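User: Can you walk me through this structure? I'd like to start with the charged side chains.

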Amino acid sequence: MYMERIEIPAETATRSRPKALKLAAGVAFLLVSSLVMAPWLCIVAAWFALGGVARAVAWLGRTIRDTLLYAGELVVGR
C-alpha cells in the first residue's frame with residue numbers, strides 16, 4: 001500500500017528568546033539543583049556508610065560465633 005509522507009503545515013518561526021534570559025535561567029537552575037543535590041549526596045553517603053557498618057557488625061558476629069563453636073568443639077569434641 002502506498003503511503004504519502006504526512007506533512008504538517010508549520011507556522012512561521014517564533015522569535016527566539018534572548019541569550020541573557022537563557023543564561024540567567026541556566027544559572028538559576030544550576031544553583032537550585034546544587035542546593036538539592038548536596039544534601040542528597042550526603043544522605044546517600046551516610047546510607048552507604050551505615051550499610052558498611054551493618055555488614056561489618058554482621059561479619060563480626062558470625063566470626064565470634066564461629067570462634068566460640070570451634071573452641072567448644074576443641075573442648076568437648078564434635
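This is a predicted model: local features need pLDDT of at least 70, side-chain atom pairs count only at pLDDT 80 or more; totals for chains, interfaces and linings use all residues.

Analyst: Residues are numbered from 1 along each chain as its sequence is written, and side-chain values use heavy atoms, with hydrogens and water left out.

User: How many salt bridges does the structure hold?

Analyst: One. A salt bridge here is a side-chain nitrogen of Lys or Arg within 4 Å of a carboxyl oxygen of Asp or Glu.

User: Which residue pairs with D66, and how far apart are the closest N and O atoms?

Analyst: R65 does, and those atoms are 3.1 Å apart.

User: Which residues form the positive surface patch?

Analyst: R15, R17, K19 and K22. For a patch, residues need over 30% relative accessible area and no salt bridge, and like charges are joined within 9 Å. Lys and Arg count as positive.

User: Where is K19?

Analyst: In helix α1, residues 19-76; a helix is a DSSP run (H or I) of at least four residues. K19 is exposed, with a relative accessible area of 69%.

User: New topic: what about V75?

Analyst: V75 also lies in helix α1 and counts as exposed at 70% relative accessibility. V75 and E4 are 71 residues apart in sequence and 90 Å apart in space, C-alpha to C-alpha.

Definitions and conventions:
Patches are made of residues with over 30% relative accessible area and no salt bridge: like charges are joined within 9 Å, nonpolar side chains (Val, Leu, Ile, Met, Phe, Trp, Tyr) within 5 Å. Accessible areas come from the Shrake-Rupley method with a 1.4 Å probe; for residues, only the protein chains shown count as cover. The place of a charge is taken as NZ of Lys, CZ of Arg, CG of Asp or CD of Glu. Helices (H or I, at least four residues) and strands (E, at least two) are DSSP runs, numbered from the N terminus. Buried means under 20% relative accessible area, exposed over 50%, partly exposed in between (1.4 Å probe, protein chains only).
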